[in-house]
Each structure stands twice: as C-alpha cells, then as structure tokens.
Amino acid sequence: TLAADTGLPKLAVKAKYKIGFAQTESNNPWRIAQTKSMQDEAKKLGWQLVYTDAAGSAAKQVADVRSMIAQKVDAIFLAPREEKPLAPVILEAKKAGIPVFLIDRNVDQSLAKAGTDYVTFIGSNFIEEGKRVGEWIAKKTNGKANIIELEGTTGSSPANDRKTGFDNVIKKYPGMKILASQTGDFARDKGRQVMETLLQAHPEVNVVYAHNDEMAIGAIAALEAAGKKPGKDVLVLSIDGGKEAVQLVVDGKIAYVVECNPKFGPKAYSTLKDYAAGKKIPAKIINPDREFHAGNAKQLLNTAY
Ligand code: GYE
C-alpha cells in the first residue's frame with residue numbers, strides 16, 4: 001500500500017520487524033562499528049535483521065537489495081556505495097511496497113528522491129565537513145598551503161560532497177593550492193600507495209586532506225617512509241574520528257579531524273518507528289559532528305569509536 005500524501009510505501013506498527021541492512025563493505029573500523037551498531041540495536045529490540053555485505057561492489061549491493069525485496073522484509077536500511085547505481089533498486093523496493101531508509105550515504109536526487117522514493121537520509125552533512133577542514137587549514141596556514149587531497153570512493157556522496165565543501169573554501173584563498181587530488185577509495189593501503197606516488201611528483205606538499213581516517217593513516221605511513229614528519233613538515237587532516245586517528249592527534253601526527261559518527265543503530269530504528277507511527281519524517285536527518293584537535297583529543301579519546 002502507498003501512503004497517499006507522499007507516494008511512499010506505508011509501514012504497519014508492529015512489535016517486531018524483519019528488516020534488511022545492505023552494508024557496502026567491511027574493510028575498515030568505521031564500517032565495522034556501523035554494522036555492530038545496527039546489529040546490537042536490532043538484538044536489543046528483538047527484531048530480525050537480514051544483513052548483507054556488498055564487499056565494495058555496487059553491483060553486488062544492487063543484488064543484495066533485490067534479495068531483501070524477494071525475502072519480503074518490512075523495511076530496508078541501505079548505505080549506498082555510490083550515488084547513481086543504487087538509485088534504481090530504491091525504486092524497485094518502493095514498487096514492492098517496502099520503505100527504504102538511507103543511512104550514511106545518499107543517492108543522486110535526480111534518480112531517486114528523499115521523501116518520495118525513499119523515506120529519508122540519515123547521516124552527516126558532508127559538505128559542511130569538507131568546509132570545516134578547509135577553514136581550519138586557512139586559519140592555521142594564513143591562507144597559504146600546498147595541498148594534496150585524497151578523495152574517497154569515486155561516485156560516493158561523501159567523496160563528492162567533502163570535495164565540494166572543501167573546494168568552496170579553497171576558492172576564496174589564492175594562496176591555497178590543491179597540487180593534486182586523487183581517489184584512495186576510503187582505504188588505508190590505497191591511500192598510502194596514492195600518497196607515495198603523489199609525493200614524488202609534488203615534494204613541496206605541506207598539507208594533506210584525506211576524506212577519511214583510513215587514508216590519512218596510509219598517507220602518514222607514506223610520508224614517514226619518505227623521511228617527512230607528519231605534524232611538522234606536513235599537516236594531515238581527516239574526517240571520521242575513530243580511536244586510531246584521535247590517538248594520532250594526541251601523538252601530534254594528525255592536526256585536525258572532523259567527526260563522522262558510525263553508530264547509526266538507535267537513530268535508524270527510532271526513525272523507522274516514528275515513520276510507522278505516521279509522524280512526519282524530514283527528508284534529511286543530520287548527525288551532529290564533533291571535532292578533534294591538539295586541544296581536546298586526549299580528553300575525548302575514549303569517546304571516539
Ligand atoms: O567516512 C568512510 C567510510 O560513508 C560516511 O565511508 C561514510 C564514509 C566514511 O568508508 O570512512
């Protein structure tokens with residue numbers, strides 16, 4: 001059945017649901033923390049969770065969502081790997097009468113729309129995250145920096161938006177130059193490899209902006225292997241705020257981290273309950289992001305995921 005006002009599938013009020021969670025990959029602490037949060041909260045509520053891991057493949061994630069539709073889950077939580085390829089299965093779920101909630105990553109709004117094709121996007125404001133990193137660099141370097149940017153997964157909403165937010169700040173400072181910007185696929189080893197190559201081409205680099213902790217940690221390894229001191233010769237900045245990165249802030253190797261918290265479980269399921277109860281759900285539900293720097297990292301370390 002379709003809710004007449006929005007076109008979205010309705011969800012019955014039930015004590016226990018059978019829900020799907022289509023994860024995109026499990027190769028880093030952020031993903032593992034997110035999956036654990038979704039599983040722990042389902043267990044707490046006594047709900048049945050159908051969990052899939054797309055292992056970094058948008059095509060597999062499409063197949064995973066289709067299998068959830070075939071299993072007639074009550075609702076689907078999807079962390080879409082990329083903005084475009086996952087949009088069609090959202091429409092397929094809608095057609096099958098299954099409401100979809102996007103968590104952590106969004107999809108292209110020209111292909112599938114929040115509030116019409118899927119209920120809502122729950123996650124961070126990625127544009128704002130990129131902007132905060134850019135503004136921090138501008139302040140610390142007086143608007144003069146030679147920057148290497150390590151981008152997240154190509155075509156993913158956090159990679160697109162973290163770049164946009166950052167670029168918007170850079171544009172205002174003629175002395176801030178992006179020497180090179182390349183994808184490291186949100187992965188530690190890829191970040192290290194890309195940084196090694198870019199470092200040879202651009203030895204004048206003095207700032208590294210990594211779209212996530214994992215690539216920042218990889219970049220630090222590359223910098224150290226090349227005899228550079230992260231925190232002294234090169235400022236390293238990242239997004240996520242996992243324990244390992246916050247420890248590196250304490251150690252002085254990472255200068256600044258904007259948080260992007262992976263613990264979605266409680267918010268995800270309370271939003272589902274609100275939706276079933278007929279409450280109006282906003283098209284975007286934005287998580288508040290903290291930040292970590294030399295002045296607070298030690299104190300906040302044990303609150304990082
Ligand atoms: O920053 C990164 C992960 O989609 C917001 O994906 C998420 C990002 C997160 O692999 O570490």
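This is a predicted model: local features need pLDDT of at least 70, side-chain atom pairs count only at pLDDT 80 or more; totals for chains, interfaces and linings use all residues.

K72 is exposed, because its C-beta atom has 10 others within 10 Å and a residue counts as exposed at 12 or fewer. K72 belongs to the loop between α2 (58–70) and β3 (75–78). Its phi is near 55°, a positive value in a residue other than glycine.

D240 also has a positive phi, of about 135°, although D240 is not a glycine. Its setting is strand β9. D240 is buried, because 32 other C-beta atoms lie within 10 Å of its own, where 20 or more are required.

**The ligand shell**

D240 is one of the residues around the ligand. Two or more residues of the shell come from each of the elements α1 (29–45) and β9 (235–240). By class, the shell holds five nonpolar, two polar and five charged residues.

**The annotated span**

An unreviewed UniProt entry carries the annotation "domain: Periplasmic binding protein" for residues 19–280. In the model, this span is 44% helix and 20% strand, and its end C-alpha atoms lie 21 Å apart.

**Helices α4 and α5**

Two packed helices are described by the angle between their axes and the distance between the axes. For helix α4 (residues 126–141) and helix α5 (residues 157–170), the angle is about 40° and the axes are 7 Å apart. The crossing of α4 with α5 is right-handed. On the α4 side, the contact is made by F126, I127, E128, E129, G130, K131, V133, G134, E135 and A138. The α5 side contributes S157, P158, D161, R162, K163, T164, G165, F166, N168, V169 and I170. Eight nonpolar, six polar and seven charged residues make up this contact.

**Residues toward the chain ends and helix α8**

P9 lies in the segment before β1 (18–23).

E244 is part of helix α8 (residues 243–250). With 15 C-beta neighbours inside 10 Å, E244 is partly exposed. Not counting residues up to four places away in sequence, E244 touches D213 and I217.

L301 is located in the segment after α10 (297–300). L301 is partly exposed, because 14 other C-beta atoms lie within 10 Å. Leaving aside neighbours within four places in sequence, L301 is in contact with K243, V246, Q247 and V250.

| Pair | Separation along the chain | C-alpha to C-alpha distance |
|---|---|---|
| P9 and K94 | 85 residues | 6.2 Å |
| E244 and A304 | 60 residues | 8.9 Å |
| L301 and A255 | 46 residues | 14 Å |

Technical notes. Residues are numbered from 1 along each chain as its sequence is written. Helices (H or I, at least four residues) and strands (E, at least two) are DSSP runs, numbered from the N terminus. Two residues are in contact if their C-beta atoms, placed from the backbone, lie within 7 Å. A residue is near a molecule or strand if its C-beta atom, placed from the backbone, lies within 6 Å of it. Ala, Val, Leu, Ile, Met, Phe, Trp, Tyr, Cys and Pro count as nonpolar, Asp, Glu, Lys and Arg as charged, and the others, Gly among them, as polar. UniProt positions are given in the numbering used here, feature names are shortened, and annotations may be inferred rather than shown by experiment. Axes are lines fitted to C-alpha atoms, for helices over the stretch in contact, and angles run from 0 to 180 degrees between N-to-C directions. A crossing is left-handed if the near helix is turned anticlockwise from the far one by less than a right angle, and right-handed if clockwise.
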